[in-house]
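Subject: the two-chain model

Hi,

Here's the structure I promised to pass on.

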Amino acid sequence: MKNVRGKKEDKDFYKTTRFDLVFIILILFFSIVSFWAIHKRSGPSSGMSRVYIYQENKLLEESGLDKDKIITILDGKMRLELKGGRVRVLDTDCPHHICKNMGWIKYNGETLLCVPNKVLIEIKSKGPAIIDAVAY
Amino acid sequence: MKKLKPVFIIIIVIFAALWAVRSYNERRFHVEKETRFMMDTYVTIYAVGPKAVTLKAINLALNRMQEIDTKFNSLNSKSPVYAFNHTLEPISDKEIIGLIQIALNVSETSGGAFDISIAPLAELWGFYNKDYYLPAPQEIKDCLANVGYQHLSLDKGKLSKDNMAVRIDLGGVAKGYAISEATKVLKSNGVASALIDAGGDVYGLGRKGSKLWRIGIKDPRGEGILGYVEVEDMAVMGSGDYERFFIKDGRRYHHIFDPKTGYPTQGVQSVILIYNDPVVAQAWTKIPFIMGPEKGLKRLEKIPDMEVIIITESGKILYSSGLKHSLNFIKEAEGKGR
């Protein structure tokens with residue numbers, strides 16, 4: 001009798017029950033949520049750097065660095081060049097052109113600063129950052 | 001079915017625990033950031049920790065930096081430094097005297113290479129009103145008669161000068177002091193991990209989670225960065241001939257003067273200094289410009305725990321022996337990521 005019952009139980013063990021179904025759905029749910037959370041956290045790949053242009057904490061413009069282009073801000077007072085994943089100040093009306101002389105920036109966290117125009121140009125990438133700040 | 005029930009409960013508990021740990025870590029390692037314009041540049045503070053703690057601490061730290069900017073600025077008519085420069089009234093403010101004492105110590109130990117009494121020269125060359133001017137040799141000679149820390153005397157907590165034309169500029173130490181004070185404010189408000197970036201002068205407080213703060217070294221003439229250093233509770237301060245300058249007849253005239261000749265220095269493009277005290281670090285960044293790259297490096301090597309990177313006029317990179325294994329050039333960094 002015992003053996004018969006044992007065999008019956010083994011047979012039941014491989015049957016998909018309501019709990020198994022709930023269990024599988026939960027596993028699927030957590031897998032999808034975790035995947036979404038990790039994806040959201042790591043963001044786009046390192047090739048997806050963007051440039052953000054601020055004036056006194058106000059975002060004037062932003063753009064991806066994947067396309068070469070010229071951005072004009074402050075009614076033509078400043079022009080920025082985006083080329084090959086880099087950014088530089090191309091033209092500026094400020095007196096000493098210090099921002100222009102700073103040259104190109106390309107790494108996540110790098111900034112260009114125009115003090116007279118109070119403009120901050122920053123590269124941000126949601127991918128892994130090489131540096132946390134730049135000393136100069 | 002009965003057998004599966006406890007397994008199911010255990011799995012749910014494990015997932016809930018993992019979720020709780022993740023939420024706790026997100027809260028604990030949340031990075032808050034605020035940027036403000038002051039000291040002729042943008043200052044950004046990043047702080048790691050619960051939002052309620054970091055937001056308040058950053059705000060208070062930036063307020064303190066703004067307070068220092070106003071108080072120590074020789075061009076601000078309400079500053080005791082302005083009054084000192086335009087009258088014979090001595091400075092008695094304890095906080096200002098404390099900073100002047102540090103600056104005078106650096107002047108003495110550097111043999112006068114660092115000097116806060118450089119203000120008349122900076123004014124003559126037009127670096128204050130940004131109306132740059134190449135003075136005649138006689139004008140420089142006349143101006144030098146009022147330059148030199150020997151014209152200043154610090155006695156019983158008061159700074160006085162020996163003639164009306166002597167002026168001081170605390171710009172060579174004030175940013176370091178503002179950073180130092182900001183770290184104190186952050187710490188006293190419960191922040192143990194933060195990064196202060198005051199327009200290229202950086203301080204890494206604690207660590208960034210389990211990692212060190214990674215600070216890039218700007219290439220002074222080219223694009224991007226030359227390399228990076230990794231720091232904890234350390235200032236990485238920079239000075240460069242590209243910060244404020246003008247070019248006349250093909251020669252670059254920048255804002256770092258040799259107090260002995262009265263002319264902007266030659267031979268060094270930029271200096272990056274790594275030291276635990278941002279005030280002392282900022283002052284010593286000027287020394288290799290004045291002493292020259294090789295002599296400057298030798299002098300700085302004598303200061304315990306101070307590390308320096310000097311980029312010469314020709315683009316040669318010199319660095320102190322302590323950086324032999326910790327200065328990473330960018331080609332190595334590009335593949336690493338973090």
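This is a predicted model: local features need pLDDT of at least 70, side-chain atom pairs count only at pLDDT 80 or more; totals for chains, interfaces and linings use all residues.

While we're at B:Asp305: its phi is positive, about 65°, although the residue is not a glycine. Is B:Asp305 buried or exposed? B:Asp305 has 10 of them within 10 Å, so it is exposed.

A:Lys118 is not a glycine either, and its phi is positive, near 55°. You'll find A:Lys118 in the loop between β6 (111-114) and β7 (119-124) of chain A. The class in between buried and exposed is called partly exposed, with buried starting at 20 C-beta atoms. A:Lys118 has 15 other C-beta atoms within 10 Å, so it is partly exposed.

Now chain A as a whole. It has three helices and eight strands, and from the N terminus on they run α-α-β-β-β-β-β-α-β-β-β. Of its 136 residues, 25% count as buried. If you take contacts in chain A between residues at least 6 apart in sequence, 31% of them join residues at least 24 apart.

Where do the chains meet? The contact takes 31 residues from chain A and 42 residues from chain B. On chain A's side, the elements giving two or more residues are α2 (18-42), α3 (98-101) and β8 (133-135). The largest share, four residues, comes from α2(A). By type, chain A's side that touches chain B splits into 19 nonpolar, five polar and seven charged residues.

Chain B next. It is divided into domain 1 (28-71 + 183-334) and domain 2 (80-169), and their C-alpha centres lie 24 Å apart. Their contact takes 16 residues from domain 1 and 20 residues from domain 2. On the domain 1 side, β10 (245-248), α8 (278-284) and α9 (287-291) of chain B each supply at least two residues, with the largest share, four residues, coming from α8(B). That side divides into eleven nonpolar, two polar and three charged residues.

Last, the sheet in chain B. Eight strands form an open, antiparallel sheet in the order β1-β2-β5-β6-β9-β12-β13-β14. Why is one side of β1 (31-38) and of β14 (317-319) in chain B left without a neighbour in the sheet? Both stand at the edges, each with a single partner strand, so one side of each has no neighbour there. The twist averages 10° from one strand to the next. Within the sheet, β6(B) (201-205) and β9(B) (234-240) pair over three bridges, and B:Gly204 stands opposite B:Met234 in β9(B). Helix α7 (residues 171-188) of chain B packs on the sheet, touching β2, β5, β6 and β9, and its direction makes about 155° with that of β5(B). Helix α10 (residues 293-301) of chain B lies across β12, β13 and β14, at about 180° to β13(B).

Happy browsing!

Definitions and conventions: Residues are numbered from 1 along each chain as its sequence is written. Chains are lettered from A and ligands numbered from 1 in the order in which they are written. Two residues are in contact if their C-beta atoms, placed from the backbone, lie within 7 Å. Ala, Val, Leu, Ile, Met, Phe, Trp, Tyr, Cys and Pro count as nonpolar, Asp, Glu, Lys and Arg as charged, and the others, Gly among them, as polar. A residue is buried if 20 or more other C-beta atoms lie within 10 Å of its own, exposed if 12 or fewer, and partly exposed in between; C-beta atoms are placed from the backbone. Domain bounds come from an automatic or database domain assignment. Two strands pair if DSSP finds at least two bridges between them. Axes are lines fitted to C-alpha atoms, for helices over the stretch in contact, and angles run from 0 to 180 degrees between N-to-C directions.
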